[in-house]
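Please walk through this protein from its overall build to single residues. The sequence and model come next.

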Amino acid sequence: MPALLLLSAVFVIGFERFVEWRYGAPGSIGVLLICIGAKAKSPACAGVGAALLTLAVLAPVAAA
């Protein structure tokens, strides 16, 4: 069980670092809001995070 928790933590931290590297601070904040919303069972918080992450992903496409 501790190995599964460690592997999960490494995956989540790695994914967050990738999002921050690729999409900057707005992407990282979006992922954070999604995680907080899921943990607190708040669809509003998770929805705001999803919208922010979507805007961070689509911003380079819209600018090009």
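The protein has 2 helices and 0 strands. Helices (H or I, at least four residues) and strands (E, at least two) are DSSP runs, numbered from the N terminus. This is a predicted model: local features need pLDDT of at least 70, side-chain atom pairs count only at pLDDT 80 or more, and totals for chains, interfaces and linings use all residues. Residues are numbered from 1 along each chain as its sequence is written, and side-chain values use heavy atoms, with hydrogens and water left out.

Start with the overall dimensions. Along the principal axes, the C-alpha atoms fill a box of roughly 45 × 25 × 15 Å. The accessible surface comes to about 4800 Å². Carbon and sulfur atoms account for 78% of that surface. Accessible areas come from the Shrake-Rupley method with a 1.4 Å probe; for residues, only the protein chains shown count as cover. Of the 64 residues, 16% are buried. Buried means under 20% relative accessible area, exposed over 50%, and partly exposed in between (1.4 Å probe, protein chains only). Now take contacts between residues at least 6 apart in sequence: 23% of them join residues at least 24 apart. Contact means heavy atoms within 4.5 Å.

Next, helix H1. Helix H1 spans residues 2-40 and contains Glu-20. Glu-20 is partly exposed, at a relative accessible area of 39%. Glu-20 and Leu-7 lie 13 residues apart in sequence, and their C-alpha atoms are 20 Å apart in space. Ser-28 also sits in helix H1. With a relative accessible area of 12%, Ser-28 is buried. What does Ser-28 touch, not counting residues up to four places away in sequence? The partners are Glu-16, Val-19 and Glu-20.

Phe-11, Val-12, Phe-15, Phe-18 and Trp-21 make a nonpolar patch of about 600 Å². Patches are made of residues with over 30% relative accessible area and no salt bridge; like charges are joined within 9 Å, nonpolar side chains (Val, Leu, Ile, Met, Phe, Trp, Tyr) within 5 Å. A salt bridge is a side-chain nitrogen of Lys or Arg within 4 Å of a carboxyl oxygen of Asp or Glu. Val-12 is in helix H1 and is partly exposed, at 41% relative accessible area.

A search of the whole structure finds 1 aromatic pair. The ring centres of Phe-18 and Trp-21 are 5.8 Å apart and the planes stand at 45°, so the pair is tilted. Rings of Phe, Tyr and Trp (its six-membered ring) pair if their centres lie within 6.5 Å; planes under 30 degrees apart count as stacked, over 60 as edge-to-face and the rest as tilted. Phe-18 and Trp-21 are separated by about one helical turn because they are 3 residues apart in helix H1. Phe-18 counts as partly exposed at 41% relative accessibility. Trp-21 counts as exposed at 67%.

How many disulfides does a search of the whole structure find? It finds 0. A disulfide is a pair of cysteine sulfur atoms within 2.5 Å. Cys-35 is in no disulfide; its nearest cysteine sulfur, that of Cys-45, is 9.8 Å away. Cys-35 counts as partly exposed, at 41% relative accessibility.

Finish at the loop. Lys-41 lies between H1 and helix H2 (43-63). Its phi is near 55°, a positive value in a residue other than glycine. Lys-41 counts as exposed, at 74% relative accessibility.
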